[in-house]
There are 2 protein chains.
Amino acid sequence: MSQEINIPELVDERYQKLQSDVLYHAMIVQSEVLRVSGEFLHQRGFIQIMPVIISPVTDPLRHFTGRAQVEYYGQVYQLTKSMIFHKRIALLAHERIFAFSPNIRLESADRAGTGRHLFEFSQLDLEVKGASRDEIMDLGEDLFIYTLGQVKERCAGQLGFFNRDLRVPARPFARVAYKDVFGQYGEDFENIVSQQHAEPVWVVDMCVEAREFYDREYPDRPGFLVDMDLLYPEGFGEALSGGEREYTLENILRRIKMTKVDLDNFKLYLEVSARGLPPSAGFGVGLERLTRFICGLPRVEDAVLFPKVPGKLSL
Amino acid sequence: MSQEINIPELVDERYQKLQSDVLYHAMIVQSEVLRVSGEFLHQRGFIQIMPVIISPVTDPLRHFTGRAQVEYYGQVYQLTKSMIFHKRIALLAHERIFAFSPNIRLESADRAGTGRHLFEFSQLDLEVKGASRDEIMDLGEDLFIYTLGQVKERCAGQLGFFNRDLRVPARPFARVAYKDVFGQYGEDFENIVSQQHAEPVWVVDMCVEAREFYDREYPDRPGFLVDMDLLYPEGFGEALSGGEREYTLENILRRIKMTKVDLDNFKLYLEVSARGLPPSAGFGVGLERLTRFICGLPRVEDAVLFPKVPGKLSL
């Protein structure tokens with residue numbers, strides 16, 4: 001899978017992009033996004049925790065093949081694909097936590113052209129002890145409204161540069177059921193639903209086959225999960241992904257066994273769960289995608305200093 | 001080098017620590033440190049950038065053996081040991097940048113007992129285009145005074161819990177020359193100088209053998225560098241490390257060749273430098289050590305949710 005890399009050409013391209021007005025303004029927007037989203041969460045009583053980069057346990061992710069791991073004193077550490085398990089465990093210390101969490105997902109090269117995938121990106125990742133999905137969706141709506149509103153105000157010059165008429169949405173956001181939109185549009189439902197709307201729209205109640213084992217199954221509706229995605233309008237696709245979580249050891253074990261993943265990979269998480277972890281709900285917001293959406297850029301890599309486009313050598 | 005790990009015991013210990021009052025209060029302090037240091041830098045016109053986790057090029061670090069890397073499409077990516085090169089390159093886009101940057105350094109197990117080392121930690125890492133060392137030291141003093149002052153005010157309850165009488169230092173901080181303190185105290189000078197002081201103290205003008213190739217050598221004083229460390233008082237050791245940087249391709253090449261590192265490891269950075277990078281100065285502040293210092297804790301791992309103690313299996 002190795003490829004001939006023309007290093008001088010690659011460096012030339014990045015050197016020019018780094019000096020471009022597009023990146024200059026996108027970086028200002030991203031910096032403000034970090035500032036105002038953090039400000040909002042501090043006001044809501046959240047504690048900011050540091051991200052986790054390597055750990056024996058990380059998000060398995062569905063249908064995901066690329067492996068990123070390092071060995072250290074005979075132990076294998078995975079690079080974080082998402083902080084889901086560490087967020088849950090951190091709730092032993094504080095009831096409301098968030099992190100700006102870098103994720104490494106060694107995507108296959110055929111995702112290079114989507115304009116939405118990077119093999120390194122960051123999430124604003126949060127989790128709330130005892131929260132219901134509806135409470136966390138309310139929080140998500142408030143977070144987006146606050147962040148978009150503040151950025152619109154503070155970055156008027158940037159939005160002017162991008163010629164972007166950013167609409168600050170109103171609550172409540174529209175809501176569609178996964179089963180309905182998947183039934184109607186099939187695999188491409190995200191793009192289609194996103195394109196149909198002028199404001200963000202929730203997709204709720206995924207089916208178990210569409211998600212990882214840690215999202216909570218309805219006790220009275222087997223096969224469906226108490227979870228959700230938020231889609232940006234105008235075809236910008238997924239904004240946020242989250243839900244309530246399985247928290248009893250019994251349910252976690254049952255759900256893992258329904259998938260093809262190896263129980264052994266989650267040994268540490270299962271040991272912690274056996275000692276008791278609280279119910280919780282939370283979500284993760286892709287920061288590069290949020291910056292791209294605010295600026296109205298064609299591709300997510302346009303909003304990143306050192307973009308990691310799937311399959312391509314990157315600085 | 002593999003070891004027998006008693007997983008239930010390890011999980012028991014962490015499960016208890018996560019529910020401890022010490023960690024509860026330390027996390028509040030750390031969250032405020034992130035907030036107020038970011039606030040200070042935004043006020044000074046800095047742009048917050050995202051950290052870099054994997055790249056073909058990272059800080060070589062002196063006498064450093066542990067290798068953390070992943071392969072992806074035939075290319076080798078190093079886990080970031082520090083963002084030094086990416087900070088410098090990011091100055092093509094903005095003149096003042098900072099990041100909360102996770103670093104992976106696979107330290108040898110004999111550092112487990114220092115109370116100051118973790119194999120995963122985070123730095124507040126910043127760089128300023130065209131700045132002199134004195135300017136960046138002024139900024140560093142202001143940053144510490146603001147951060148300590150604000151945290152003292154906002155976290156009075158936490159400092160009370162830790163029974164910590166935190167002193168907010170006054171400008172200018174004391175300053176000693178590396179040559180003098182190394183000559184007087186030898187290898188252990190950091191501890192000794194740190195213990196002798198009640199307020200932070202600068203160590204300036206390291207010798208080339210003590211530092212990486214990227215810190216700038218005095219043109220008129222070969223063998224000495226225009227750089228500095230800041231030491232905490234009361235024996236807490238290093239707070240910050242930084243300096244002016246080499247920026248001409250000629251000097252960078254000359255300095256690399258003085259060390260034993262392979263030029264090939266820096267191919268991408270050299271290609272960018274050949275196209276022109278501005279002079280700059282900057283520093284990195286270890287965030288876990290700062291939290292430890294503020295709380296007056298015995299060990300840095302006391303202030304971390306998922307501490308990576310050298311040689312030990314960690315969640």
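Visitor: How much area do chain B and chain A bury between them, and how much of it is on carbon and sulfur atoms?

Guide: This is a predicted model, in which local features need pLDDT of at least 70 and side-chain atom pairs count only at pLDDT 80 or more, while totals for chains, interfaces and linings use all residues. Residues are numbered from 1 along each chain as its sequence is written, chains are lettered from A and ligands numbered from 1 in the order in which they are written, and side-chain values use heavy atoms, leaving out hydrogens and water. Chain B and chain A bury about 6,800 Å², 70% of it on carbon and sulfur atoms, where buried area is the accessible area (1.4 Å probe) that two parts lose on being put together, summed over both.

Visitor: What makes Asp12(B) and Arg275(A) a salt bridge?

Guide: The term requires a side-chain nitrogen of Lys or Arg within 4 Å of a carboxyl oxygen of Asp or Glu; the closest N and O atoms of Asp12(B) and Arg275(A) are 2.6 Å apart, so the pair qualifies. Across this interface of chain B and chain A the rule finds two salt bridges.

Visitor: Why are helix 4 of chain A and helix 10 of chain A called oblique?

Guide: Helix 4 (residues 133-154) and helix 10 (residues 287-295) of chain A pack at an angle of about 50°, with their axes 12 Å apart. That makes helix 4 of chain A oblique to helix 10 of chain A, because angles under 35 degrees count as roughly parallel, over 145 as roughly antiparallel, 65 to 115 as roughly perpendicular and the rest as oblique.

Visitor: Which residues make that contact of helix 4 with helix 10 in chain A?

Guide: Phe144(A), Leu148(A) and Val151(A) of helix 4 and Leu290(A), Phe293(A) and Ile294(A) of helix 10 make it, contact meaning heavy atoms within 4.5 Å.

Note on methods:
Axes are lines fitted to C-alpha atoms, for helices over the stretch in contact, and angles run from 0 to 180 degrees between N-to-C directions. Helices (H or I, at least four residues) and strands (E, at least two) are DSSP runs, numbered from the N terminus.
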